[in-house]
Amino acid sequence: MTNGPPHDDVASLTEKAYRAISGAIARLELKPGEALTQDRLAKWLSISRTPVREALRRLEQDRIIHTAPGRGLVVSELTIKDAEDLLEMLALLDTHAAYLAAQRRSPAQADQLVEISQMLLVAAERNDLAAWEEIDHPYHETLLDASGNLFLRRSIEDIRRRLQRLTYHLAIQPEHLIAGTREHVAVAQAISERKAELAAEIMRQHLETMHTMAMRLIRTHIVPVRGERF
Ligand SMILES: [Zn+2]
């Protein structure tokens, strides 16, 4: 038998590398346009090159990074137009997802969503961003599961991955974190009460605020984008 880690280990290291690299891109530790090398990333993460290569392949599929002629893999930039278009789509899709979730959720999904939203609020009140991020993911997963539309879910996940740089920098502002989390709680409550119109309306307002705040981050150069700024 040959050595080398069993498949599970490679898969979990790939997942770890994917999360670490996409997290660094969201936090702008890896900047838009910056070149990425397998060796440097493997050294940074203290893992072998195989899972790093796999993680980079997934990030390229997700269009978070791309191959630039003569430069290899680089962190994808966002233009103002991209950010505007993505936020506009997210508002449409997430609003509809909340509406469908209120109509289609199972009793278990309703309980789960309310419970997760309460945990999210505890994390926000403690300003524990690491815990908050860990909980925000299952919140949206549960909501999208409850919406019962796989393609809607995939589209929303794709958009959210590309907006991470903006959503991360919104979340690190304590007032925004608390206000945004209260909206998560209110959406969960409306879904559990099967109030579809209300769930959709709160979600629509939540994303409208997010859109305004995200544009402010771009305008004040906190999150760099390519091209003209207003
Ligand atoms: Zn969220």
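**Domains and helix packing**

Modeller: In this predicted model, the C-alpha centres of domain 1 and domain 2 lie 25 Å apart, the domain assignment placing domain 1 at residues 7-75 and domain 2 at residues 80-226 of the protein chain. Nine residues of domain 1 are in contact with six residues of domain 2, and the side of domain 1 that touches domain 2 consists, by class, of five nonpolar, one polar and three charged residues.

Turning to the helices, the axes of α5 (residues 107-125) and α6 (residues 129-147) come within 9 Å and cross at roughly 160°; angles over 145 degrees count as roughly antiparallel, and therefore α5 and α6 are roughly antiparallel to each other. Their crossing is left-handed, and the residues that make the contact include L113, I116 and L120 of α5 together with W132, I135 and Y139 of α6. Sorted by class, the contact of α5 with α6 has 13 nonpolar, four polar and two charged residues.

Another pair is formed by α8 (residues 164-171) and α10 (residues 196-219), whose axes come within 10 Å and cross at roughly 95°, which makes α8 roughly perpendicular to α10. Here L166, H169 and L170 in α8 meet M210, M213, A214 and L217 in α10, and this contact of α8 with α10 has six nonpolar, one polar and no charged residues.

Notes:
Residues are numbered from 1 along each chain as its sequence is written. This is a predicted model: local features need pLDDT of at least 70, side-chain atom pairs count only at pLDDT 80 or more; totals for chains, interfaces and linings use all residues. Domain bounds come from an automatic or database domain assignment. Two residues are in contact if their C-beta atoms, placed from the backbone, lie within 7 Å. Ala, Val, Leu, Ile, Met, Phe, Trp, Tyr, Cys and Pro count as nonpolar, Asp, Glu, Lys and Arg as charged, and the others, Gly among them, as polar. Axes are lines fitted to C-alpha atoms, for helices over the stretch in contact, and angles run from 0 to 180 degrees between N-to-C directions. Helices (H or I, at least four residues) and strands (E, at least two) are DSSP runs, numbered from the N terminus. Angles under 35 degrees count as roughly parallel, over 145 as roughly antiparallel, 65 to 115 as roughly perpendicular and the rest as oblique. A crossing is left-handed if the near helix is turned anticlockwise from the far one by less than a right angle, and right-handed if clockwise.
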